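Here is a walk through one structure, taken a piece at a time. Keep the 3D view open as you read.

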Amino acid sequence: MAETTEVWRGTLALMILKTLETLGPLHGYGVARRIEQTSGGRLAVHYGTIYPALLKLEQEGYIAAEWGVSENNRKARFYRLTRAGRRQLARESQDWKLTTDILARFLEAGS
Amino acid sequence: MRRARGWLARLAAPFGGGRSDRDIDAELRSHIDLHTADNIRAGMTPDAARREAWIALGGMERTKDEYRDQRGFPVIDALIRDVRHAIRLLVKSPGFSLTAIAILGLGIGANAAIFSVVNAVVLRPLPFPDSARLVRIWHTPPHDQFPGITTFSVSPANFLDWRAQSTSFEHLAIYGFREANLSGRGEPESLQGARVSGDFFPALRAAALMGRLFDAQDDAEGARARVVLGERIWKSRFGADPSIVGRSIQLNGEAYDVVGVLPDRLKFPSWADVWFPLGWRPSDRAVRGNHNYIVIGRLRDGVDGRRAQAEMTAISQRLERQYPADNKGWGAIVLPLQQDLVADVRWGLFVLLGAVACVLLIACANLANLLLARALGRAREIAIRAAIGAGRARIIQQLLVESTVLAMAGGAVGLLAAYWSIDVIVKSFGENLPRAAEVALDGRVLAFTCLVAVLTGIIAGVAPAWRMTRGDAGDALKQGMGRGGTHAGERRVRHVLVTAEVALALMLLVAAGLLIRTLWQLRAVDPGVDPRNVTTMALMLPEARYATPETRVRAFEAIVGRIRAVPGVEAASAIDSLPLQEGGSMQPVAIDGEPARPLSEQPELAVRDIMAGYPGAVRIRVLDGRDFSEADRLDRPPVVLVSASAAKRFWPNQRAVGKRLTLGLISNDVREVVGVVGDVRVHGLTEANAQTVYVPHAQTGSRHMSLVVRSSLPATSIVPSIVAAIRAVDPEQPVVDIQSLDEVIGDSIAQQRFAMRMLSGFAALALLLAGIGIYGVLSYTVRQRVQEIGIRMALGAAPRDVVRMVVVEGLKPTAAGLAVGVAGAIAFGRVLDTLVFGVTPRDAATFASVSAVVLVVGVVSCLVPAYRATRVDPLQALRAE
């Protein structure tokens, strides 16, 4: 479980970027929900952790945000990918694939 | 790069550059709403739905905290929260805050004001390009003739040799004084002019405001009469006329072409209003024994002061061998120009800076005491904060932020105070302050003040913070209002602080007291003249209209004759240089019958030109022989008067009248002594040497004379009649420096008077602060001991006993402070050596009276708390617990 959280912290940003790419502009709750669902419930952590991560991405200019109205008429802050965010996502996904490939091969060879 | 952008965003956050707390709140609330709605759709009850949403978020406050941590930097954020918290707290107790801010404002303000003077005068470079390379080169006179004098003006021939033989300087320039009577437009005005060599402005690298400055061509022989105007005169006298360059103006009765205007910012020397080319004739260039010019230079790149000094020493030694008659014992010294300009005031300024630092330390101790007193009501608050998990460091940080916020507010008040007082301070320096025009609150003063404020806050806050967080939290909580939560240790801290305050105040008071005594002593010195009811004014006859000595003698005799006829005038005469005024001629004197000695070995005496009747007008007694008379004219035998001490020096145990002496500078000027007059302190009230030789004006025809007019009428009514009498002789003659002889003598001790005033002011401030400190500690003690006092009174103690108890309590640190202060004052007394006169820095009377004053202030500060103690109602005091 400890390892899961470590991975979670490192990859949360990537997951957020990917979610926004797939679903388009989305509020924090939606992003958290989506990540939870996609992980099949295996990443059950506090939703609250998503907000600092969103803010960090916003500060770095990968995502932008503005207030809007949700599908059932509630005010919410919507995040969307910026162009820099798209590039970052492409770069990060590639890095991640490479890492997991290497690691997978390494682990197979060792067993 | 993206990371950098993130950092920048976080840095900007505290200053409104990021998202507000409100915005974050709103987003998290919207998150809860969305989640709750989802949960309700999934079939939960509204209450359960909301609770589940909260749980899933992981707690609102924690999330917000994490959010905030990402928004900015936690440390800065905490600091800003502390500052906000501190401001809220301080606003809530305005009495405490305003007292503290006022105390700090005084302390920091005094420092800011004095520092702004030090900054402008000593620290800031001169306004010329690459000014660090500018130097002044003085003669060093022979010790035996000029004991104690380290720098002396330079003679033309020596300067020319220096310039020809030295290689250390890019430029070596010379300047001297030249009067400048401006006429032809309105009232004639007497200006101060400088005559400068061709490379004077190039050496400074000064640039003209308009037109140009002089170069070598302007100083060539036969060049047209040209002049550079100062900005001030250009504005005041010529209405800032943009076409002034090329115009002709009347100076000293002659026409000069204006070639340029020098901005006031670059005014050098500072006393000059107009600049003339040097215009030396061959005869001027040959003068070696008469020292009346000042030399400046610009060091060549790569040459330092030491090398230049070595070269100048070598050259001087060569000149000594070459011209022993004039140069024996005369060396040269190279000084950085900036240091040399401020040499006179530098020491005094640092004494003042030390004084205001003392005031600030006292203010610091006071603030520390106030903060400690406040701890009384806050022990509980702090204990609670500690109980809910705030670390000690965190609480100390909060407390230090509080004291620093106070100090910053005090600093702001201090800056205002400094801004208002700078003018007063600069004015009270009078003409003694070089570069006075440059004194201002600039960036450096602001930075200094900020730094001082922050340091003050931390220094004053650290002891109280340490104390307040040391106690056991549980203890303080149990003890209700935190009364009794203080220990003997804390009382000791407070006593040490008061002791320090009293000691510092005492030291300042001793310094002020010594200077006050000095002034008394100086007042008591008999200057040798009776200055009461004497008005003086200076006249300078322009050479163009008064070319020969005869015309000048006639003019002055006509003027003095007319003044004597003015109703109300009792006596009138004139002297070339008033007693105790700067300047005045020093000349080598030889007495008849002694073996001939080179000029450089002859004793130098003050030589003064006077008109007949001068001794009578200022009430110098004629001890032997006679005063000059109208009969001592140019065509009559040359005569002199000598002062009693000069007579005693040259002819001990003999009658001086009838003896003969030679004034060295004019060869074969042998004169007969016709009278001996009383000694006058010519050089200063502190200077015992008063040996003087008086020469009749009718035999010299000096152009510059100061009139002395004795009249019992008030100056306001007599001065216009005197000026009218002068104008009746010459309507174009400017009259300057109108002042009473009392003022002239007063000006000679201006430095001591200024130092006395400043130090007295700061000492009074220090005493006030120390008094407040004693009062504060005692009020606090009384409040703490209400119960004990109540019991004592219930058991039969009389109010008198209570008063005695409180006063003794208060006088303990006061007495300790007195002892420490006396020791300190004795140790630091030496810094006042140059300022005191007639008292030693360990003057017992001063120490005793100052200690008495401090003691009285101590007792008075005790009285109010003591009185309050007697008003304690025993019943209430006992019930209170």
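**Inside chain B, then out to the contact**

Leu580(B) counts as buried, because it has 24 C-beta neighbours inside 10 Å. The cut-off for buried is 20 or more. Bear in mind that this is a predicted model. Leu580(B) sits in the loop between β12 (569–575) and β13 (585–591) of chain B. Its backbone deserves a look. Phi of Leu580(B) is near 70°, a positive value in a residue that is not glycine. Most residues other than glycine have a negative phi.

Now turn to Asn653(B). This residue also has a positive phi, about 60°, and is not a glycine. Its place is the loop between α21 (644–650) and β17 (660–663) of chain B. Is Asn653(B) buried or exposed? Asn653(B) counts as exposed, because it has 5 C-beta neighbours inside 10 Å. The cut-off for exposed is 12 or fewer.

Another backbone feature lies in chain B. Phe268(B) and Pro269(B) are joined by a cis peptide bond, with omega about -10°. Most peptide bonds are trans. Look for Pro269(B) in the loop between β7 (254–262) and β8 (274–277) of chain B.

Next, a pair of helices. In chain B, the axes of α15 (residues 392–429) and α16 (residues 443–468) come within 7 Å. They cross at roughly 145°. The crossing of α15(B) with α16(B) is right-handed. Which residue classes make up this contact? There are 17 nonpolar, 9 polar and 1 charged residues where α15(B) meets α16(B).

Move to chain A and its sheet. The sheet is open and has 3 strands, in the order β1-β3-β2, with antiparallel pairing. At the edges are β1 (26–27) and β2 (63–69) of chain A, and each pairs on one side only. β2(A) and β3(A) are antiparallel and share 7 bridges.

How values were computed:
Residues are numbered from 1 along each chain as its sequence is written. Chains are lettered from A and ligands numbered from 1 in the order in which they are written. This is a predicted model: local features need pLDDT of at least 70, side-chain atom pairs count only at pLDDT 80 or more; totals for chains, interfaces and linings use all residues. Two strands pair if DSSP finds at least two bridges between them. Helices (H or I, at least four residues) and strands (E, at least two) are DSSP runs, numbered from the N terminus. Axes are lines fitted to C-alpha atoms, for helices over the stretch in contact, and angles run from 0 to 180 degrees between N-to-C directions. A crossing is left-handed if the near helix is turned anticlockwise from the far one by less than a right angle, and right-handed if clockwise. Ala, Val, Leu, Ile, Met, Phe, Trp, Tyr, Cys and Pro count as nonpolar, Asp, Glu, Lys and Arg as charged, and the others, Gly among them, as polar.
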